[in-house]
Amino acid sequence: MLPDLAPWRCSRDFRLLWCAGAVTVFGSSLSFVALPLQLKELTGSTLAVGALGAVELVPLIVFGLYGGALADSFDRRRLVLWTEAALGLVSVLLLLNSLLPHPVVWPLYAAAAATSALTGLQRPALDAIVPRIVPHEQLAAAAALNALRWQIGAIAGPALAGGLLALAGLRWAYAIDAVTFVLSVLLALKLAPSPASHDAEKPSLRGIAEGARYAWSRKELLGTYAIDVLAMLFAFPLAIFPFLADDLDAPWALGLMYAALPAGSLLVSLTSGWTSRIHRQGRAIALAAASWGLAMAAAGQLRNVWLVLLLLTVAGACDMVSGIFRSAMWNQTIPDELRGRLAGIELLSYSAGPQLGQVRIGGMAALTSVRASVSWGGLLCFAGVGLLALGLPKLMAYDARTDEHARRMRERRAAVAGPPDGEGARGVEGAGPAAQTPNADPATA
């Protein structure tokens, strides 16, 4: 039941990137809380704060697709380094704005858009690096460890931010965030190069379309994207948590509601050793998403706040199970030369869904009631997952031991793997001579 630490032990670059990512997530969580708070203080408008989501969505979509093409055409390590440095610069600009006698509003929106664009450029490269440095059979374990890193930062960062903002002010949150980017860049500099395949094409619309055609040809992959979007669209209730807490006569529980989902995810990550022994990952994804929907449906019906918190925690655990197996399927079956572009498509599936879900649940709550919007959304999620399971037999039949794409990837990795060097690293399929040296690259997202 304990987390499988094999990727941590086997790959030096996985350890480096895991630590760099942990530092970054922690620092970014401070700005995640500070930015909307500063906007609220400057404008006093809920509409102005809510507009941050719209400002962030479009750059994430556009640059996520382009970032996927870049990740297949350039050295992925270099792409991660440059975007990480640029993200640090954004934090510095936020710090400088906060030091002005009268801080300006528009740099806050500019920073949100820039952060979203840089994340879109960086995330596919991070995702595409993982299969190069982690042995094929350890990819599910690597996904669980990466999720654990994010969960720790997502819980600890905002918790510290609340006290820091109250005691020291916004400028300290931005300053600490900027320092964490310096540390993460120093760690990432130690990573081995991750060059593109020797015959990689320059990023283009044609290349992005090629990735989309490949995704369309893989119905089991389409199923993972569709299930994730559907679950977030119908059963993602964060936007109305303040109203749900009031409806339950428990405004004191608002913070616990926000913490319940990541807490459930954390529980799964801390007990994720079993995930490496699950091979029918498509069925596991569908079952976890359906359970997420049922948990949300039940949470919308109950009036006991403690039972609601318990169900939100269960839902967070189900979401983590789905996420681990989605990541494992993607990393075990997608060819390295397409991994970046497919990572860009994945980025859209798990970023657009929550944004649209906020609109859906808020609109339905306005038309019906808060608890009805939660409950009906969960039921719609459950029904939708059932229909997808019936309509996508390839997803339900997927078995990592026998799937032709997974088998082909295992064979390719075995063909290019060099002799062990004590670190358990692997060569890079399709890459040039420099990429086929031992101890190739980093991990995560």
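I started with Arg 326 and Asp 228, whose side chains meet in a salt bridge (3.5 Å, N to O). Arg 326 sits in helix α13 (residues 305-333) and Asp 228 in helix α9 (residues 219-235), so this pair ties together parts that are 98 residues apart in sequence. For the record, I call something a salt bridge when a side-chain nitrogen of Lys or Arg is within 4 Å of a carboxyl oxygen of Asp or Glu. My helices are DSSP runs (H or I, at least four residues), while strands would be E runs of at least two, and they are numbered from the N terminus.

A note on what I am looking at: this is a predicted model, in which local features need pLDDT of at least 70 and side-chain atom pairs count only at pLDDT 80 or more, while totals for chains, interfaces and linings use all residues. Residues are numbered from 1 along each chain as its sequence is written, and side-chain values use heavy atoms, with hydrogens and water left out.

**Burial of that pair.** I looked up both partners. Arg 326 is buried, at a relative accessible area of 8%, and Asp 228 is buried too, at 4% relative accessibility. My cut-offs are under 20% relative accessible area for buried, over 50% for exposed, and partly exposed in between (1.4 Å probe, protein chains only).

**Other salt bridges.** How many salt bridges does the structure hold? I get eight. One of them joins Arg 218 to Glu 220, with the closest N and O atoms 2.7 Å apart. Arg 218 and Glu 220 are both buried.

I also checked Arg 123 and Asp 127, which form a salt bridge at 3.4 Å, N to O. Both belong to helix α5 (residues 106-133) and lie four residues apart, about one turn of the helix. Is Asp 127 buried or exposed? With 9% relative accessibility, Asp 127 is buried, whereas Arg 123 is partly exposed at 24%.

**Cavity.** I searched the whole structure and found one cavity of 30 Å³ or more. Here a cavity is a set of points, on a 1 Å grid over the protein atoms alone, where a 1.4 Å probe fits but cannot get out; lining residues have an atom within 4 Å of a point. The largest cavity has a volume of about 50 Å³, volume being the space filled by probe spheres set on the points, with grid points joined across faces, edges and corners.

Which residues line the largest cavity? I listed Ile 227, Asp 228, Ala 231, Met 232, Ala 289, Trp 292, Asp 319, Ser 322 and Arg 326. The elements giving two or more residues to the lining are α9, α12 (281-301) and α13. α9 gives the most, with four residues.

By class I count five nonpolar, one polar and three charged residues in the lining. For that tally, Ala, Val, Leu, Ile, Met, Phe, Trp, Tyr, Cys and Pro are nonpolar, Asp, Glu, Lys and Arg are charged, and the others, Gly among them, are polar.

- Gly 67 is in helix α3 and is buried at 0% relative accessibility. Its C-alpha is 7.4 Å from that of Ala 125, 58 residues away along the chain.
- Thr 333 belongs to helix α13 and is buried, with a relative accessible area of 2%. Between the C-alpha atoms of Thr 333 and Arg 407, 74 residues apart along the chain, I read 8.0 Å.
- Ala 111 is in helix α5 and is buried at 8% relative accessible area. Ala 111 and Leu 35 are 76 residues apart in sequence and 9.2 Å apart in space, C-alpha to C-alpha.

**Surface patch.** Val 58, Ile 61, Val 62, Phe 63 and Tyr 66 make a nonpolar surface patch of about 410 Å². Patch members need over 30% relative accessible area and no salt bridge; nonpolar side chains (Val, Leu, Ile, Met, Phe, Trp, Tyr) are joined within 5 Å, like charges within 9 Å. Areas come from the Shrake-Rupley method with a 1.4 Å probe, and for residues only the protein chains shown count as cover. Val 58 is in helix α3 (residues 46-73) and is exposed, at 52%.

Asp 249 has phi near 55°, a positive value in a residue other than glycine. I noted it because most residues other than glycine have a negative phi. Asp 249 is in the loop between α10 (241-247) and α11 (254-270), and it is exposed at 65% relative accessible area.

Note on methods:
On a 1 Å grid over the protein atoms alone, a cavity is a set of points where a 1.4 Å probe fits but cannot get out, and a pocket is an open set with protein on both sides within 12 Å along at least five of seven lines; lining residues have an atom within 4 Å of a point.
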